[in-house]
Amino acid sequence: MIIFLGTFAGINKVEAETAALDVKAAGAILVDEQTGRILFEKNSETVLGIASMTKMMTEYLLLEAIKEGKVKWDQEYIVSPELSKMSHDEDLSNVYLRVEGKYKVEDLYSAMAIESANAATVAIAEIVAGSEAKFVELMNKKAAEIGLEKYKFVNSSGLNNRDMLKHFPDIVGDPDEENVMSAKDVAILASRLLHDFPEVLETSSIPEKVFAEGTEDAFVMDNWNWMLEGYKKIADRYPNYQQFVYDGLDGLKTGSTPFAGYNFTGTASRDGQRFISVVMNTGSQTERFRETRKILDFAFNNFKKEEIIPKHYQVKGNKTLPVTKGKEDQVKIYTKDAVNMVVKNGEKDNFQTTLTLDKKKINKQGELTAPIKKGDKVGTLTVQPKEAESLGFLTENGQSNITVDVIAAEDVEKSNWFVLVMRGIGGFFGDLWGGISSTVKGWF
């Protein structure tokens, strides 16, 4: 039962404000990580190549398998001749893997996340699912499960299938296919990865690491994400990267192929406020970082987290609900928690609220039935920006707004049988007297 719709003061349209943000990318999006609110978009529904941003899905499935106990970090993988040959392909990003060499899952994961190592990624796919083909099935299944809509995965790494065919006779899909997604779906994937496995940032934020340190396979990996704040600490070794370094940036994944162009999913956090940006099919390796800086600057300079609804907020005109069979005939209701949202500077009040009561707890007369305990949920309050002035939210798990529980603010005990009987008798005679009065008045 929806019983109230309230609207706060109006503002200038977000579309008008973001029009000046000229992002040189075929597709792009900016979202608030906490709520999924979309703050900027450009062709975010267009399906484009994602290249090695694919590895975010591979990371998700590996971290999920580890969480479920199906894979262990210290588990060893033995390299096949085919995979070793792929790891020595100079046209691909890789760390070298020896034939019959044994490598821990943790090392392969670091190689995938930092060096974007493709052979190491295939190894992870085989560890998790038994084969590349079965892993691709898991990728597409997981994509549907988390609410992605515009996507297709044909391999675990993001390579063009032609590059896979050079080393493996069996592939998923056509020889020239690549993985594709929309910028919006990439943002949803990144959001889920950060939400479900925040530890991913521990690895994605590493600018430099030695693969298989202490062995003959030792290899210095430098992260393809040149915007990492961590590069400041090793500026002497990476002076050319300093022009791209961005305060607070700690992830997530780059990617490039001739088909996909240069892509980057970035995330940065400052003062407890985290944003996710995606740029797709930019013109060069450096342009993807310049455009990401432009988007993130827009975010940090124009948006901040505000308390939209305070804890124990009461909707005007609906501060109480009627109660039947209780010692009191009404109960006070309010929101269980506060609602915080990232909003444009000066636009804290540009929201509408909708109070929805739980139909299972309200009778036909709109009453709650005693007994009622303080803290009992009686409904929800939905908060969302004005439709005409909002770019909406990510549709992850069907969410398109922010909802907070509305609860009873106090106990209401059930009346004893004598009081209920007397109320019934009083009601009977009240109705009877009302009927007689109406009849008598009708005589004259």
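This is a predicted model: local features need pLDDT of at least 70, side-chain atom pairs count only at pLDDT 80 or more; totals for chains, interfaces and linings use all residues.
I started with K152 and found that V180, in β8, is its bridge partner.

Next I checked how β7 and β8 meet. Two bridges join β7 to β8 (residues 180–182), and the strands run antiparallel. They belong to an open sheet of three strands, ordered β4-β8-β7. Which strands are at the edges? I found β4 (47–49) and β7 (151–152), each pairing on one side only. Helix α8 (residues 183–196) packs on this sheet and touches β7 and β8. Its direction makes about 90° with that of β8.

Then I went looking for rings. The structure has 16 aromatic pairs. One of them is Y151 with F153, a tilted pair at 6.3 Å centre to centre, with 35° between the planes. Are these two buried or exposed? Y151 has 24% relative accessibility, so I put it down as partly exposed.

F264 and F289 were my next stop. Their ring centres are 5.3 Å apart and their planes sit at 80°, so I call this pair edge-to-face. F264 is in strand β12 (residues 261–270) and F289 is in helix α10, so the pair ties together parts 25 residues apart in sequence. F264 is buried at 0%, and F289 is buried at 1%.

Last, I followed α10 itself. It covers residues 287–302 and reaches 22 Å from first C-alpha to last, close to the 22 Å expected. Its buried residues include F289, I295, L296 and F300. Over the face of F300 I found R270, at 4.4 Å from the ring centre.

Key: Residues are numbered from 1 along each chain as its sequence is written. Side-chain values use heavy atoms; hydrogens and water are left out. Helices (H or I, at least four residues) and strands (E, at least two) are DSSP runs, numbered from the N terminus. The expected span of a helix is 1.5 Å times one less than its number of residues. Buried means under 20% relative accessible area, exposed over 50%, partly exposed in between (1.4 Å probe, protein chains only). Two strands pair if DSSP finds at least two bridges between them. Contact means heavy atoms within 4.5 Å. Axes are lines fitted to C-alpha atoms, for helices over the stretch in contact, and angles run from 0 to 180 degrees between N-to-C directions. Rings of Phe, Tyr and Trp (its six-membered ring) pair if their centres lie within 6.5 Å; planes under 30 degrees apart count as stacked, over 60 as edge-to-face and the rest as tilted. A charge sits over a ring if NZ of Lys or CZ of Arg is within 6 Å of the ring centre and within 35 degrees of the ring normal.
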